[in-house]
Amino acid sequence: MERKIYLDHNATTPVHPEVLEAMLPFYQEGFGNASSIHSFGREAKVALEESREKVAKFLNADPLEIYFTSGGTESDNLAVKGVAWANKKKGNHIITSQIEHHAVLESCKFLEKEGYETTYLPVDKYGLVDHDELKKSIKRETVLVSIMHANNEVGTIQPIAELAGLAKEKGVYFHTDAVQSTGKMKIDVNELNVDMLSLSAHKFYGPKGVGALYIRRGVRLTPLAHGGHHEKSRRAGTENVPGIVGLAKALEIAHSDMQEEERRLKSLTETFFKKVTERIPDIFLNGHPVLRIPNTLNLSFKGVEGESIILNLDLKGIGVASGSACTSGSLEPSHVLSAMRVPGDLAQSSLRFSFGRSNTVDDVAYVVEVLPEIISKLRAMSPIYQK
Ligand SMILES: *Cc1c(COP(=O)(O)O)cnc(C)c1O
């Protein structure tokens with residue numbers, strides 16, 4: 001049988017078997033609408049509220065501060081637009097960074113058409129936001145600062161507590177997109193000092209199409225969707241009970257062996273990096289050397305197109321991404337690598353390897369075996385590569 005190795009866990013992950021098992025009853029005998037008064041509804045409601053309690057516990061939040069959504073994109077939209085709309089009287093200025101996920105960047109772009117103003121903070125070569133730049137950018141009209149926790153393309157982790165502290169001092173709300181860090185590292189909304197935090201189940205072995213937004217008590221926010229009084233009237237629509245049960249179960253599993261898995265992934269990525277750099281010359285690491293989520297390695301292979309490497313690896317059964325999965329198919333260099341001032345040719349030659357639960361030391365050995373051949377073949381044909 002052909003060997004298949006998935007190294008694209010930052011794009012999505014498979015549903016953990018125990019997560020699926022927890023979800024299934026709520027598609028069948030436990031199918032009730034959580035808003036119904038009868039026993040069918042009450043059963044769904046209990047599952048919904050137990051899931052909310054679990055999620056709250058893992059984030060060190062209150063269950064009343066957890067709002068379920070359709071995923072990371074909706075959570076980001078709700079945080080950014082919701083706060084901007086509800087606090088219009090105070091001001092029209094938002095601060096974010098140049099390396100955010102498109103769910104945040106496009107929400108800001110949308111608001112600009114309504115008369116809002118956005119500051120896109122620059123980052124250094126490792127992808128870190130500058131503390132002083134943020135401090136300088138906050139003004140009287142600022143209503144929100146939104147800076148991601150871990151970057152999906154390069155894995156760099158921002159010092160969120162410190163950045164959030166600056167916003168809090170000035171009475172400005174702080175949101176973080178923690179879609180890539182949740183499930184991979186400990187998340188404590190009080191330690192992080194944030195007012196809002198986005199997460200998405202399918203990035204940590206839960207189902208697709210379900211996520212949550214943590215909203216600290218007292219934050220003023222206008223809903224995106226109007227309808228029934230679900231989620232305390234902040235997110236109308238019949239709750240996706242099976243999905244929400246799956247999200248909570250996935251978070252529980254992530255926490256059950258988090259430190260062990262963190263160590264294991266760190267060792268896999270370190271071994272991989274060490275071995276490929278031993279065997280292949282002219283490789284560059286994009287992202288912070290240590291302040292990085294343990295599963296992510298973004299590497300540039302000088303002189304070859306990332307897309308060509310992906311296709312060749314795919315023929316060997318290996319799935320990796322170039323830059324961000326959201327930009328594949330486009331020839332634009334990644335906005336994250338551009339913001340980090342990675343030269344255009346190196347940005348075009350970048351690959352994102354994101355490891356996960358299924359990966360083993362054997363997988364690393366296999367990729368390390370096939371990659372050098374692919375790179376030397378492509379470099380031999382490359383008009384721009386010179387040794
Ligand atoms: C995947 C991702 C999102 C979007 O989440 P969806 O649930 O797929 O909508 C947002 N932000 C980051 C950092 C992501 O990696």
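Predicted model: local features only at pLDDT ≥ 70, side-chain atom pairs only at ≥ 80, totals over all residues.
β2 and β8 (residues 211–215) run antiparallel and are joined by four bridges. Within this pair, Ile 66 has Tyr 214 of β8 as its bridge partner.

Helix α4 (residues 102–113) has twelve residues, which should span 16 Å at 1.5 Å a residue. Its end C-alpha atoms are 16 Å apart, in agreement with that value. The buried residues of α4 are Ala 103, Val 104, Leu 105, Ser 107, Cys 108 and Leu 111. Their cover includes two helices, α3 (72–86) and α12 (335–339). It also includes the strands β3 (93–97), β4 (117–121), β5 (142–146) and β6 (173–177). After α4 comes Gly 115, with a positive phi near 100°.

Nonpolar side chains tend to be buried together in soluble globular proteins. Here the largest nonpolar core holds 63 residues. Leu 59, Ile 66, Leu 134, Ile 147, Phe 174 and Leu 197 touch the most other members. Helix α9 (residues 241–256) gives the most to this core, with eight residues. At least three residues come from each of domain 1 (5–13 + 258–381) and domain 2 (17–256). Leu 134 touches Ile 95, Leu 121, Val 145, Ile 147, Leu 163 and Leu 166, with residues up to four places away in sequence not counted. Another core, of 29 residues, lies apart from the largest one; among its members are Ile 5, Leu 7, Leu 268 and Phe 301.

A three-strand open sheet has the order β9-β10-β12 and antiparallel pairing. β9 (283–286) and β12 (350–354) each have a single partner strand, so one side of each is left without a neighbour in the sheet. Neighbouring strands here are turned by 30° against each other on average, direction ignored. Four bridges join β9 to β10 (residues 296–301). Phe 284 stands opposite Ser 300 in β10. Helix α11 (residues 306–315) lies across β10 and β12, at about 45° to β12.

Conventions. Residues numbered from 1 in each chain as written. Heavy atoms only, no water. Pairing = 2+ DSSP bridges. Axes fitted to C-alpha atoms, helices over the stretch in contact; angles between N-to-C directions. Contact = heavy atoms within 4.5 Å. Core = buried A, V, L, I, M, F, W, Y, C linked by side-chain atoms within 4.5 Å. Buried < 20%, exposed > 50% of the residue type's maximum accessible area, 1.4 Å probe, protein only. Domains from an automatic or database assignment. Expected span 1.5 Å × (residues − 1).
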